[in-house]
Amino acid sequence: MTDIAAVRHSDPAIWRSTRHLPAPSGRTLAWIAIVTLAIFSLFPALDIAASKLFFVETPCATDAASLAVCGVFPARYDPVLGHLRQALQALPFIVALSLGIWVAVRLVFTGRLGALGRMAATAFWTYAIAVGLVVNAGLKGYSGRPRPIHVDLFGGDLPFVAAGKITSYCASNCSFVSGEMASATWLLCVVPLLPAAWRTMGFAIAAGLATLTGVLRIAFGAHYLSDVLLAATVTLAVHHLVTAAAVKLHRARRHFGAEILSTTSAQTRRWLKRAKEWPRRKQSWT
């Protein structure tokens with residue numbers, strides 16, 4: 001059963017709130033990630049061509065090597081775009097932190113989450129796992145892929161590395177994949193929490209912010225096109241996994257609770273029956 005089908009059968013409230021939103025299956029996302037990585041690994045010129053759209057080559061100094069490429073990514077030094085990038089970087093973190101606090105407070109004061117609370121918890125854990133663990137602590141820390149601004153094709157001193165290739169050129173906070181793009185894509189996971197009348201607009205806004213974030217990361221020379229696309233896929237794939245786990249947990253708790261209730265009810269009925277029979281039994285003994 002797919003994640004969406006599982007939600008539909010085990011948590012109708014969540015299904016009703018998300019059924020009209022674009023939601024590819026986990027298997028589809030996995031194939032998208034595999035195909036995307038394969039394409040950019042076999043044709044690394046695609047990454048180079050996309051970054052060149054935002055790179056302006058300038059004359060090198062007289063003492064530079066004869067084969068050196070000099071230039072800048074002008075968007076990187078635009079103050080307006082810089083402030084915009086900072087706002088886009090902070091927004092998902094603020095939203096995720098707010099969701100985490102709301103879920104914790106709800107649990108402390110009510111002892112239960114409800115359908116909306118489960119959706120909020122799923123979104124929060126998606127952010128923590130996808131952005132915090134998989135992307136920033138995992139891929140960016142160990143991939144070793146230098147950022148465009150650091151490679152010799154764009155004025156740096158390190159060689160270009162194709163997507164998916166593990167190297168030692170970068171020790172930490174590397175190019176593969178984009179943490180900010182993974183974070184911005186996560187905003188799509190928050191859309192089902194909005195009132196029904198706002199969700200279509202919310203989806204359009206979240207998709208627009210994610211797209212803008214990806215374009216800015218490439219324009220700044222901070223990431224390649226493959227870093228951006230694969231980061232988005234990672235976040236959506238993790239969201240499907242977390243959703244599937246949450247649905248199974250909710251189903252197990254509901255089933256376990258039903259069994260306990262059934263057992264307790266049966267035991268209570270036996271006690272009531274014995275209580276009713278007790279006067280007759282006592283009378284027969286006398």
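Threonine 233 is in contact with Leu29, Ile32 and Ala33, leaving aside its neighbours within four places in sequence. This threonine is found in helix α9, which covers residues 225–285. Threonine 233 has a relative accessible area of 8% and therefore counts as buried. The model described here is predicted. The protein has nine helices and two strands, and of its 286 residues 38% count as buried.

**Overall architecture**

- From the N terminus on, the order of elements is α-α-α-α-β-β-α-α-α-α-α.
- Among the contacts between residues at least 6 apart in sequence, 72% join residues at least 24 apart.
- The protein has an accessible surface of about 16500 Å². Carbon and sulfur atoms account for 67% of that surface.

**The nonpolar surface patch**

- Helix α3, residues 26–42, gives the most to the patch, with five residues.

**Disulfides and cysteines**

- Two disulfides are found in a search of the whole structure. With bonded cysteines counted along the chain, they follow the pattern 1-2, 3-4.
- Cysteine 60 counts as partly exposed because its relative accessibility is 30%, a value between the limits of 20% for buried and 50% for exposed.
- The other disulfide joins cysteine 170 to cysteine 174, with an S to S distance of 2.2 Å. Here the torsion about the S-S bond is about -100°, so the disulfide is left-handed.
- Cysteine 170 and cysteine 174 are both buried.
- Cysteine 189 has 6% relative accessibility and therefore counts as buried.

**Aromatic pairs**

- The count of aromatic pairs comes to six.
- One of these pairs is formed by phenylalanine 73 and phenylalanine 154. The pair is tilted, with 5.5 Å centre to centre and 45° between the planes.
- This pair links distant parts of the chain, its two residues being 81 residues apart. Phenylalanine 73 is in the loop between β2 and α5 (79–110), whereas phenylalanine 154 is in the loop between α6 (114–142) and α7 (179–186).
- Phenylalanine 73 is buried because its relative accessible area is 3%. Phenylalanine 154 also has a relative accessible area of 3%, so this residue too is buried.
- Ring pairs link Phe73 and Phe154 with Phe55 into a cluster.

**Backbone features in the loop between α6 and α7**

- Most residues other than glycine have a negative phi, and most peptide bonds are trans.
- Asparagine 173 has phi near 50°, a positive value in a residue other than glycine. Its place is in the loop between α6 and α7.
- With a relative accessible area of 49%, asparagine 173 is partly exposed, since exposed residues are those over 50%.
- The peptide bond from phenylalanine 176 to valine 177 is cis, and its omega is near -5°.
- Valine 177 is likewise placed in the loop between α6 and α7.

Definitions and conventions. Residues numbered from 1 in each chain as written. Predicted model: local features only at pLDDT ≥ 70, side-chain atom pairs only at ≥ 80, totals over all residues. Heavy atoms only, no water. Helix = DSSP H or I, 4+ residues; strand = E, 2+ residues; numbered from the N terminus. Buried < 20%, exposed > 50% of the residue type's maximum accessible area, 1.4 Å probe, protein only. Contact = heavy atoms within 4.5 Å. Areas by Shrake-Rupley, 256 points an atom, 1.4 Å probe, with all protein chains shown as cover. Disulfide = S-S within 2.5 Å. Phe/Tyr/Trp six-rings, centres within 6.5 Å; stacked < 30°, edge-to-face > 60°.
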